[in-house]
Each structure stands twice: as C-alpha cells, then as structure tokens.
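Reader: I would like a close look at one part of this model. Please keep it brisk and give the cut-offs.

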Amino acid sequence: MTVNKYYSITELTREFGVSTRTLRFYEDEGLLHPERRGRTRLFRAADRRLLQEILRGRRIGFTINEIREIIKVYKEPPGELGQLKLMMKRIDEKRDELRQKRKDIDETLEELDNAEEACLTRLAEIGVST
C-alpha cells in the first residue's frame, strides 16, 4: 500500500526558496494543479517534480509560455520523445540568443572603450590631466 504524500505550499516554498506568490502564479498560469481542501492547497509528488522542472526552465531563461508548451507536449502524444525534441530545440534557441547577447555586450564594451579613449585624448589636447 502506498501512502499519498502531499506537500503544503509552505513546504514547497521552503524547499525551493520561492514565495507563495510564485506558486500561486504558476497555479494561475495552469502549470500546477494542486488539490484543494477548503482554502488549503495540497501538492502531490508529481506537482513537486513539475515545480522543480518549471524552476529549472526559468533559471535557464525559458518564458512561462515556453515552459507551458514543453509541459503540454509531454502530456500528449508523442509524449516524452516529443518533449525531449522540443526541449533540445528550445535549448539551441536559448543558446543562440545568449551568444548573440554576449556578442552585443562585447561590442558595447568596445564602443565604451573607444568613447573613453576619445575623451582622454581630448582632455589631453585641452591640457587637462586625469
């Protein structure tokens, strides 16, 4: 006989370091579906695992809609295979996006260096030491 283990909202907030507001948000967004007993939310082990995956997705930069899409693919045919393929596609997209951001940051830093050098040159021309 298996015992149905439920987690309270407080247990999950402590375990994952998120606020109750965050959990309610994921519930409002349809990502989590805790059972209700009166005003009390009871989260199952599956909800806990799903929360873990949602938070991992958020850490690597997925939007709520991207996470929702990945969850939806998992629950429908082709199931896990489809989810894994979609996840790999999203990872590639996110990686490309981050590489572009890094390139943009490097270019901006170079522009700032050039602007600073121009300022230093002009200050030297007008006889101001730095």
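What area is buried between domain 1 and domain 2, and what percentage of it do carbon and sulfur atoms give?

Author: This is a predicted model, where local features need pLDDT of at least 70, side-chain atom pairs count only at pLDDT 80 or more, and totals for chains, interfaces and linings use all residues. Residues are numbered from 1 along each chain as its sequence is written, and side-chain values use heavy atoms, with hydrogens and water left out.

The area buried between domain 1 and domain 2 is about 770 Å². Carbon and sulfur atoms give 63% of that area. Buried area here is the accessible area (1.4 Å probe) that two parts lose on being put together, summed over both. In domain 1, the residues that lose the most area to domain 2 are Leu31, Gly57 and Arg58. Together they make up 55% of what that side buries.

Now the two partners. Domain 1 spans 1-59 and domain 2 spans 61-129. These bounds come from an automatic or database domain assignment. The domain centres, taken over C-alpha atoms, are 30 Å apart. Domain 1 brings nine residues to the contact and domain 2 brings seven residues. Contact means heavy atoms within 4.5 Å.

One salt bridge is counted between domain 1 and domain 2. A salt bridge needs a side-chain nitrogen of Lys or Arg within 4 Å of a carboxyl oxygen of Asp or Glu. Glu29 and Arg68 form a salt bridge through their side chains, at 2.5 Å from N to O.

Helices H2 (20-28) and H3 (45-59) each supply at least two residues of the side of domain 1 that touches domain 2. H3 gives the largest share, five residues. Helices are DSSP runs (H or I, at least four residues), numbered from the N terminus.
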